[in-house]
Amino acid sequence: MRIGSCISKIPVISGVPQGSVLGPTLFLIYINDVTDVFSYLSVSLSLFADDLKLYTCYKTDILHNDLHTAINQLTEWAKLWQLQIAIPKCSAFCISNPQWNVCESVQQVTYSIDGVHLPFVDQIRDIGVYHDCRLKCDKHICLIVHNAYKRAVLIHKCFHTRERDILKLAFVTYVRPLLEFSCQVWAPKYNYLIGKIESVQRFFTRRIRGLDKLSYSERLNILGLETLNRRRVILDLILCYKYLHGLVEINNCNRIRICQSSRTRGNGMKLYKEQCNIDARHQFFSNCIVDIWNPLPVAVVLSPSVAVFKQNLAKLTFSSFLRYS
């Protein structure tokens, strides 16, 4: 018996077919001209999948209207191409220092889409990382630590086996990625935050049978693990190596540059360290990596490949840069 189906035809007014191989490519082509809408405005645009972010910079004592104009232009463009903006998911976010003196006209500025005012939020999630108006990621760290603890407990409850290698593999696969995703962006510099992240691995290894009476360093040696703090340092160095050798492209990362002074001692690829006046800049990856990269031996810095660079890093201790061991 053969069963057939009849598919009716309907006109596609706008958009692209979903669930197809060509869908993402067709969507990029469909919205490709959205950048032309803001070409004459001092507004920057970032796109990720179907999310769009508009941002601009202006002084705290001068009202800036380009962002208002950009939002209006975006609304008109969306109506022209019959794309519906998810207004409930939209919000406004201001990055500034609360101690700055902001004029009253700037404080009272509001943004709206089709007459719907966009709420100002204190924290925002950008590509999976939470940060506040001062670019601090304390909430993000608390969130990932909370989720990592839940997964660590579930592993001990759901896995019937108590084999160390299996439990270790489960931790490395399901828990540790939560604590290391985009760590170059939010890596903490304060001891209490570093200890909070490290406590997840302390908790998990202590609950492995036969290791509860041992110290943290002894448990790591038996399991063949490293502290999360050390892993973040190594991940930072690997990213810096890839950037300096043109293996990865990082937008707006021109502050990572090699010092050109002929009198510079060290590995020959020492990085220039800028003077930072605010705490947020001091904790940026481009600033923090300098103190770790410059003391590296010449043989490590001049590694011919990433694989060799990783092998050379494994031989170093980084004792002066690790808070917890």
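This is a predicted model: local features need pLDDT of at least 70, side-chain atom pairs count only at pLDDT 80 or more; totals for chains, interfaces and linings use all residues.
In helix H12, the buried residues are Phe285, Ser286, Asn287, Cys288, Ile289, Val290, Ile292 and Trp293. Helix H12 spans residues 285-293, and because 8 of its 9 residues are buried, it is largely enclosed by the rest of the structure.

What covers these buried residues? The cover includes helix H7 (183-186), helix H10 (228-244), helix H11 (279-282), helix H13 (298-301) and helix H14 (306-314).

I turn now to Asp291, which also lies in helix H12. With a relative accessible area of 39%, Asp291 is partly exposed. Its side chain forms a salt bridge with Lys273, and the closest N and O atoms are 3.4 Å apart. Lys273 sits in the loop between H10 and H11, so this pair ties together parts of the chain that are 18 residues apart in sequence. Lys273 is likewise partly exposed, at a relative accessible area of 34%.

The loop between H10 and H11 holds a further pair. Arg257 and Glu274 meet there in a salt bridge, at 3.6 Å from N to O. Both residues belong to the loop between H10 and H11, and they are 17 residues apart. Arg257 is partly exposed, with a relative accessible area of 36%, and Glu274 counts as partly exposed at 27% relative accessibility.

Are the two partners buried or exposed? Arg230 is buried, at a relative accessible area of 10%, while Glu226 is partly exposed, at 28%. In total, the structure holds 6 salt bridges.

Against these pairs I would set Arg176, a residue of helix H6, which covers residues 176-180. Arg176 is buried yet has no salt bridge.

Let me close with the chain as a whole. How many helices and strands are there? The chain has 14 helices and 6 strands. Its radius of gyration is 25 Å, whereas a compact globule of 325 residues would have a value near 20 Å. Along the principal axes, the C-alpha atoms fill a box of roughly 80 × 65 × 40 Å.

Of the 325 residues, 33% are buried. The chain exposes about 21,000 Å², of which carbon and sulfur atoms supply 54%. As for contacts between residues at least 6 apart in sequence, 60% join residues at least 24 apart.

Conventions
Residues are numbered from 1 along each chain as its sequence is written. Side-chain values use heavy atoms; hydrogens and water are left out. Helices (H or I, at least four residues) and strands (E, at least two) are DSSP runs, numbered from the N terminus. Buried means under 20% relative accessible area, exposed over 50%, partly exposed in between (1.4 Å probe, protein chains only). Lys and Arg count as positive and Asp and Glu as negative; His and the chain ends are not counted. A salt bridge is a side-chain nitrogen of Lys or Arg within 4 Å of a carboxyl oxygen of Asp or Glu. Contact means heavy atoms within 4.5 Å. The radius of gyration is taken over C-alpha atoms; the globule rule is 2.2 Å times the number of residues to the power 0.38. Accessible areas come from the Shrake-Rupley method with a 1.4 Å probe; for residues, only the protein chains shown count as cover.
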